[in-house]
Amino acid sequence: MPYKSKNPIPVTQPFLPPLEEVNEYLAKIWESKWLTNYGPFHKEFEKALAEFLGVPYVALVSNGTLGLVVALQVLKITGEVITTPFSFVATTHSLWWNNIRPVFVDIEPTFCNLDPDKVESAITPNTTAIMPVHVYGHPCQMDRLQEIADIYGLHLIYDAAHAFGVRLKGQSIVNFGDLSVLSFHATKAFNTFEGGAIICHDARTRKRISYLKNFGFAGETTVVAPGINAKMNEFPAAMGLIQLKHYGEIRGRRQAIADRYRELLKDIPGISFLTPAPEVDYNNAYFPIFVDAAKYGHTRDELYAHLKTHNYFGRRYFYPLISSFNMYKSLPSATVKNLPVANRVAEEVICLPIFPDLRLQDVNNVVEIISGFIL
Ligand SMILES: Cc1ncc(COP(=O)(O)O)c(C=O)c1O
């Protein structure tokens, strides 16, 4: 019998390392009094992260949103950018902050990522880039997107906020496109409280990112661009170094939870979930399920509320769609007719709790609540 959890169980909870480990790093910061502006932990974390991800150049930033804003500045993106409406608002907001017009293109139903089949017809003479999202950490169809970008001379910037540690055929997926942007926000599979990184392919681009994230300074008295303040300070950099040491354990725990969900949810009528592609080493950052109300007997919102009455707080990521928010809904590409798959998925999805400290007993209970609710 399913039961009501004694404590509220959120959709996610950050992994926090033992406090003693953090104190050791804090002591060093106190000793050096170097708090920000490319301090020793910043340098060390940048290097360690590049090694961990297997990428040549990493530029740390203060959060993923500023990472996206800076990435668009680095490539001098203007005009129109093709993007997905099925994401967190920061994806589209980063375009708006650069005075770029977002053009929404529908998603494909298998992994809920930008549908390459629908990209070409949205390209106009004003299109300068494509900004897809590896939503939930499942890789986009990167070969096809790159092919389109090459044919039309477009830049390709991935919002890889969910994709920390995801590999495709052994290679980190942040190695694709012109630039990829990670988020290390508290809700992410790898967190530094707040933080992020831009991954690029050459030293010149990285240098330009380092100017742009530091007000445009290229030396003590030289300013080469109207930059912003997007630097990562020493505290998140230290947190990143500590979290890297624990990442194997974090990933393993997420995997065990996802395996349990998959095993128990597979035969519930009207409930489906995403299965990682065979050549993908997935990070299990999220565990979205999709409710087909006709087959399940309840709508997604009914199930969402039912889980809440048992003290389990799933989240309807990504509902509402970005394209339905007031500031974007009048764009021609924001119509429901243009985005049928995204509109359907946004009505069906609930992300179930998944985080390293979640007990398997709670996973069993969540599934019993879901299966016991069938009419
Ligand atoms: C897809 C996506 N893009 C961008 C961001 C923004 O990242 P941050 O919170 O680090 O600014 C987030 C999450 O927060 C996200 O989920």
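This is a predicted model: local features need pLDDT of at least 70, side-chain atom pairs count only at pLDDT 80 or more; totals for chains, interfaces and linings use all residues.
Modeller: Residues are numbered from 1 along each chain as its sequence is written, and side-chain values use heavy atoms, with hydrogens and water left out.

Biologist: Which residue in E11 stands opposite Arg167?
Modeller: Strands are DSSP runs of E, at least two residues, numbered from the N terminus, as are helices (H or I, at least four). Two strands pair if DSSP finds at least two bridges between them; strand E6 (residues 167–168) has two to E11, running antiparallel. The open sheet has the order E7-E6-E11, with E7 (171–172) and E11 (280–281) as its edge strands. The residue opposite Arg167 is Asp281.

Biologist: What is the handedness of the β-α-β unit made by E2, helix H4 and E3?
Modeller: Strand E2 (residues 80–83) and strand E3 (residues 101–104) run parallel, joined by four bridges. Helix H4 (residues 90–96) belongs to the unit. With the strands pointing away from the viewer, a clockwise path from the first strand over the helix to the second counts as right-handed. The unit is right-handed.

Biologist: Is Phe215 buried, partly exposed or exposed?
Modeller: Phe215 lies in the loop between helix H6 (203–212) and helix H7 (234–265). Buried means under 20% relative accessible area and exposed over 50%, with partly exposed in between (1.4 Å probe, protein chains only). Because its relative accessibility is 38%, Phe215 counts as partly exposed.
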